Amino acid sequence: MKTLKELTAEQKLRLICGKDAWHTEDFGGELPQIFVSDGPVGLRTMREDRGEWTTIPAVAFPSVQLLANTWNTALARGTGEALADECYDRGVDILLAPGVNIKRDAHNGRNFEYFSEDPLLAGEMAKGYIEGVQGRGIGVCLKHFCCNNLEYDRLHQSSDVDERTLRELYYRPFEIACQAKPVSVMCSYNRVNGVYASEYKKGFDVLRGEFGFDGAVISDWFAVRSRAASAMAGLDLEMPFSPENYEQLKADYTAGKLSDEALDACAGRVLELIARCKRMQEGKGAKTSIPERAAAAKSVAAEGMVLLKNEGVLPLSAGEALSVCGMYACPGKENLGMLAGGGSSCVVWSEQEFDLPARLRERGHAVSFEGAVGIDRPEFLRHEGRKALLHAAENGVNIVCVGTGNLVEYEDGDRRSLRLPAAQERLIRETAAVAAHTVVVVFAGAAVDMSDWEGCADAILYAGFPGMGGDAVIADILTGAVCPSGKLSESFAFSCVDEEEENIRIGVTRYAEGLGVGYRGLGGRSNWVDFVEFPFGFGLSYASFAYEGLTLAADEEGVEVRFAVRNLSEICAKEAVQVYVKECAPLVWRPEKELQAFAKEEIPAGGSREFCIRLNSRAFSHWSAALDRWQADDGVFEIQVGASSADIRLRAKVRLEKGKFIVL
C-alpha cells in the first residue's frame with residue numbers, strides 16, 4: 001500500500017474525493033479500496049446490471065427507533081454484530097450508521113432512523129451498536145454531525161443553536177458514541193449557526209480534540225459546497241465523486257486556497273481509514289447464518305414494541321375468536337414498504353412475508369381479516385370496510401392494524417401531522433363502536449398522536465417498524481408468549497400549534513427552546529398532561545414491579561445508587577429502570593430532571609433484582625458558557641429512580657460541597 005509521501009499532489013486531491021458513489025479511489029489497484037453501504041436497519045447495497053440499479057435483498061431489522069425502545073445496550077451490540085456479518089456477505093467495509101441526531105421535532109420524517117430525544121440514551125445505544133459492528137471487524141460511520149433535526153430544506157437550512165445547548169444535547173450523543181472509536185463520522189447537510197456542516201471546523205476540532213475521535217470525517221452524499229473549504233476545515237473524504245467539485249478543487253489548490261498541510265492531513269486520514277478497515281478484518285469474518293441474524297432482528301422487536309394501554313384485554317384468552325382489520329396486518333410482499341421508512345435506509349426484505357392473521361391462526365385463534373383501508377388511498381374502502389365492521393361485531397376481540405410507512409415517514413421530507421390518516425382513525429372508531437373489545441396495533445417509526453381514538457381502544461401496542469418476523473413477535477405479545485418490556489425513547493405529545501413555525505424562517509431554524517426538548521421541556525409544566533399523551537420512558541408490562549430500598553453512597557468521584565426492583569407477578573419479565581438527576585436550586589436554568597443512567601434486567605416471577613449504578617460528577621454538571629467547560633456547582637441534587645420520566649418511584653438527595661458529595 002502506498003504511503004502519503006509516495007502520492008503526488010494530484011493523487012492526494014483525487015484520493016479525498018472518492019471514486020464513485022460507494023468506493024474510495026484505488027488508482028487502478030495501487031491502493032486497497034473501501035466499499036461503503038447504507039444502512040442502519042439492514043444493508044441497502046446496490047447492484048448495477050446494464051445500467052439498471054437494483055437493491056440486493058437483506059435481513060430487515062426493526063427501525064433504530066424501535067431498537068432504542070428496548071433500552072438494552074446488549075441488543076444494540078447484537079444488532080451491530082449481525083449487521084457486520086451481513087456486511088461480510090456483501091464485501092462491505094464501512095456501514096453508514098448509526099444516526100444519533102436528537103429528536104427535537106416529532107415531525108422529522110427521518111426520526112425512525114434515530115434513537116431518542118435524550119442524548120444519554122441515544123449515545124449509549126449507539127455506543128453498543130458501534131461496539132457490535134466494529135468488534136466484528138467492520139467499520140461504522142457515525143452520523144449526522146450535527147443538528148440535522150428536520151428534513152425541511154436540509155441542504156441549506158441553518159440550525160441556529162447556542163453553545164450550551166449544542167454541548168448538552170446535540171454534541172452529547174456523539175461524545176458518548178466516540179468512546180467506541182468509530183472509524184468515521186459523517187457530516188450533515190445543514191448549516192450550523194450559518195456555517196455548512198461540511199465546513200464546520202469548530203465542530204470537527206471538538207470531535208478530534210475533546211471527544212477522542214481519531215477517524216476520518218466523511219461528507220453526506222452531495223453535502224460538500226466547496227471541496228477546498230471543507231478540506232481546510234478538516235473534512236477528509238467527499239462522497240460521492242463529483243467531477244465539478246474535483247475540477248474546482250484542483251483550481252483552488254493551484255490558487256493557494258488549499259494548503260499542502262491541510263491536504264496532507266485529509267489524505268493521510270483517508271489512507272489510515274483504508275488501512276484501519278483492512279486491519280480490522282484480518283482473521284475475522286461472518287460468524288452467524290442468515291436465520292440467526294433474522295432471529296436477532298426478532299429479539300429486538302420483542303423488546304422494542306411498547307404496550308401503551310391495556311385495560312385487561314391482553315394477553316388474549318386461548319382460542320379466542322378474533323377480527324383483524326387494516327392493511328398493515330397483511331400488506332403483501334409488494335407493499336412491505338408500509339412497514340418501514342423510506343430513503344437511504346430502505347431495505348429490500350430477504351423474507352418477503354408479513355401476515356399477522358396467519359401467525360395468530362398458528363397460535364390457535366380463529367381469525368377473520370379485512371384490509372378495509374387502501375394502501376395509497378385515503379378513503380375507507382366501503383365493501384371491505386363494512387365486512388370489517390361485521391367481523392368486529394361478531395368476534396370477541398377486534399384487532400385494528402394502522403400506521404404510517406414510507407409514504408409518510410421518509411428521508412428528505414417531514415410529516416405534516418402526528419395523527420394517522422383520517423380513514424385509519426375512522427376505522428378504529430367505527431369498528432370499536434360495535435366490538436366488545438378493541439386492540440390497536442400501530443406501525444410507525446416515530447411518535448403518533450392517538451388522542452382522536454385512544455379512548456375507543458382497550459389496548460394499544462406500538463409495534464413500530466418491526467422488520468422481518470415482526471408479525472410473529474406481535475402475535476407472541478398479543479397471546480402472552482412474550483411479556484412486553486419496551487419503553488418509549490421519545491415523548492408522544494399531542495398535535496398542537498406551537499411556536500415552532502415562528503422559529504423557522506427561509507434559511508434559518510432558531511432553536512429557541514434551548515434545552516427544553518422533549519421531556520426536558522415538558523416535565524416542568526404543572527399541566528404537562530395537557531401536552532403529553534405518553535411520556536418519555538413509559539411502557540406497560542404484563543408484570544408489575546415494586547421499586548424499593550434506595551440507598552446512596554457518596555465520595556469525591558460521584559455517587560453510587562443502589563435499589564431493588566421486585567417482580568410482584570407470576571411471570572418472568574424485564575424492566576428498564578431509569579435514574580434522573582434534578583438540581584434543586586440551580587444557578588443557571590436547568591430542566592426539571594435529566595436522565596443520567598439506565599439499565600434493563602430480567603426479574604424472575606416473585607423475585608427481586610438489585611441495581612447498582614454509578615453517577616460521576618458529569619451527571620451533576622451543566623455546560624458553563626461563561627467558563628467554557630463542564631461545571632458542577634455546589635448545591636443540593638435530588639436523585640430520582642423511576643419506571644418512566646413521569647413515574648418516579650424513589651427519591652433521595654445529595655449535597656455537593658467544595659467538590660465533595662454528601663448524602664443527605
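## Parallel sheet

In this predicted model, strand S1 and strand S4 (residues 94-95) run parallel and are joined by two bridges. Serine 37 has leucine 95 in S4 as its bridge partner.

The two strands belong to an open sheet of five strands, ordered S1-S4-S5-S7-S10, in which the pairing is parallel. The edges are taken by strand S1 (36-37) and strand S10 (216-218); each has a single partner strand, so one side of each is left without a neighbour in the sheet.

## Nonpolar cores

The largest nonpolar core holds 179 residues, and the members that touch the most others are Ile399, Ile474, Phe563, Leu615 and Phe620. Helix H10 (residues 260-281) gives the most to this core, contributing ten residues. Another core, of 26 residues, lies apart from it and includes Val373, Val400, Ile428 and Val442.

Which residues does phenylalanine 620 touch, not counting residues up to four places away in sequence? With that exclusion, the contacts of phenylalanine 620 are Val559, Val581, Arg590, Leu615, Gln631, Ala632, Phe637, Ile639, Val654 and Phe661. One of these, Leu615, is also listed with Phe620 among the core members that touch the most others.

## Largest cavity

Rolling a probe the size of a water molecule over the atoms shows where empty space is left. In this model, the count comes to five cavities of 30 Å³ or more. The largest cavity holds about 150 Å³ of space.

Its lining consists of Pro119, Leu120, Glu168, Arg172, Arg520, Glu594, Leu595, Gln596, Arg618, Ala619, Ser621 and Trp630. Helix H4 (119-135) and strand S24 (594-603) are the elements that give two or more residues to this lining. S24 gives the most, with three residues. By residue class, the lining of the largest cavity divides into five nonpolar, two polar and five charged residues.

## Second largest cavity

For the second largest cavity, the volume is about 120 Å³. It is lined by 14 residues, of which Val41, Phe61, Leu339, Ala340 and Gly341 are the closest to its centre.

How many residues of this lining are nonpolar, polar and charged? The lining of the second largest cavity has ten nonpolar and four polar residues, and no charged ones. The lining of the largest cavity, by contrast, includes five charged residues.

Definitions and conventions
Residues are numbered from 1 along each chain as its sequence is written. This is a predicted model: local features need pLDDT of at least 70, side-chain atom pairs count only at pLDDT 80 or more; totals for chains, interfaces and linings use all residues. Side-chain values use heavy atoms; hydrogens and water are left out. A nonpolar core is a set of buried Ala, Val, Leu, Ile, Met, Phe, Trp, Tyr and Cys residues joined through side-chain atoms within 4.5 Å. Buried means under 20% relative accessible area, exposed over 50%, partly exposed in between (1.4 Å probe, protein chains only). Helices (H or I, at least four residues) and strands (E, at least two) are DSSP runs, numbered from the N terminus. Contact means heavy atoms within 4.5 Å. On a 1 Å grid over the protein atoms alone, a cavity is a set of points where a 1.4 Å probe fits but cannot get out, and a pocket is an open set with protein on both sides within 12 Å along at least five of seven lines; lining residues have an atom within 4 Å of a point. Grid points are joined across faces, edges and corners, and a volume is the space filled by probe spheres set on the points. Ala, Val, Leu, Ile, Met, Phe, Trp, Tyr, Cys and Pro count as nonpolar, Asp, Glu, Lys and Arg as charged, and the others, Gly among them, as polar. Two strands pair if DSSP finds at least two bridges between them.
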